[in-house]
Each structure stands twice: as C-alpha cells, then as structure tokens.
Amino acid sequence: VRHYHINLLRKFHEKKCYLCECDIENLIIGSHIHRVTDIKNDTISLEEKNRQIVDGENGFWLCANHDKLFEYGLIYFEENTMKIAEGLTTKQKEFIKKITNLKKNEEFRINEEHYTYTMHEYLEKHKKRVK
C-alpha cells in the first residue's frame, strides 16, 4: 500500500479527492481503478500483478463517498469523462453532481496531464466490470 500511495502522490502531487477536492485526510482513499482482487485473480505473472497493484496510473485519490460510488459502478469513465449510472433516480444523480461540484449540464473530465494510455486501459477494465 505504501508504494501505491507514493506513486499516487507522484502523479497527483497532493492527497485530496480528485472529484471534489475534499482534503480531510481520514476520508481520502487511494482508490484502485482496476481492483486488487481482480488483479490477483488474473492469469498474468506475479511480477505483473505486483506492478499493477502499485501502479500510480491505476488509481485516484478519492473521498469515501466517491470511492464507493466508483467501486460500485455508480460513477465510471468513458474515455476521460465521468458518467453517472443510468439506474439511479434523478435525485440520486443530482446528489452525485452536487458532491462532485458539477453544474446542471457540466461534465467532469480527467485532466489531460493525468489521463494516460495506461490509465485509459485500467478505466476500460473498470467499465467492463461495472456495466
């Protein structure tokens, strides 16, 4: 976990939620895009498993709310744009927009400097898992 957190700090420079900028340390989680459980169950080599688990491209700093929304697929990414799951009520979708600091028709996009090919690949695995 320590190496993963160091790699996230190298990538994002500070420990705050990528989606809402919450910086309450006890609420911030090094959230994997491609889950550790799924990496461990993959048929790749042990060396590759260990690399993916600590890869800073395989995660975000997220607050507890955004971490759970992402883990359960209530939010996910298509390319670099955050999407909200269809199965939620209008009120639930509005709540997610509110805590993500989004205006009515605004979209959240991953910053170009953070959105790499490797991150894209992890996000595609996440999307396949949750959709």
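Which residues are linked with Lys16 in a network of salt bridges? Select Glu14, Lys16 and Glu21: these residues make up the network. The model on screen is a predicted one.

**Other salt bridges**

The structure holds 14 salt bridges. Side chains of opposite charge can pair when their charged atoms come close.

Move to helix 6 and select Glu124 and Lys127. This pair forms a salt bridge whose closest N and O atoms are 3.5 Å apart. Here too the residues are three apart in the helix, and therefore separated by about one helical turn. Glu124 counts as partly exposed, at 21% relative accessibility, whereas Lys127 is buried, with a relative accessible area of 18%.

Now select Glu86 and Lys93, which form a salt bridge with 4.0 Å between the closest N and O atoms. Glu86 counts as exposed, at 66% relative accessibility.

**Lys128**

Stay with the surface and return to helix 6 for Lys128. Lys128 counts as exposed, at 68% relative accessibility.

**The nonpolar core**

Select Leu19, Phe60, Phe77 and Met82, the residues with the most contacts inside the largest nonpolar core, a set of 29 residues. Then colour the elements that each supply at least two residues of this core: helix 1 (2–12), strand 2 (59–63), helix 4 (64–71), strand 3 (75–78), strand 4 (81–84), helix 5 (90–99) and helix 6 (117–130). Strand 2 gives the most, with four residues.

**The cysteines**

How many disulfides does a search of the whole structure find? The search finds zero. For Cys17, the closest cysteine sulfur is that of Cys20, 3.7 Å away, which is too far for a bond. For Cys63, the closest cysteine sulfur belongs to Cys17, at 3.8 Å, again too far for a bond. The cut-off for a disulfide is 2.5 Å between the sulfur atoms. Cys17 is buried, with a relative accessible area of 1%, and Cys63 counts as buried at 6%.

Conventions: Residues numbered from 1 in each chain as written. Predicted model: local features only at pLDDT ≥ 70, side-chain atom pairs only at ≥ 80, totals over all residues. Heavy atoms only, no water. Buried < 20%, exposed > 50% of the residue type's maximum accessible area, 1.4 Å probe, protein only. Core = buried A, V, L, I, M, F, W, Y, C linked by side-chain atoms within 4.5 Å. Salt bridge = Lys/Arg side-chain N within 4 Å of Asp/Glu carboxyl O.
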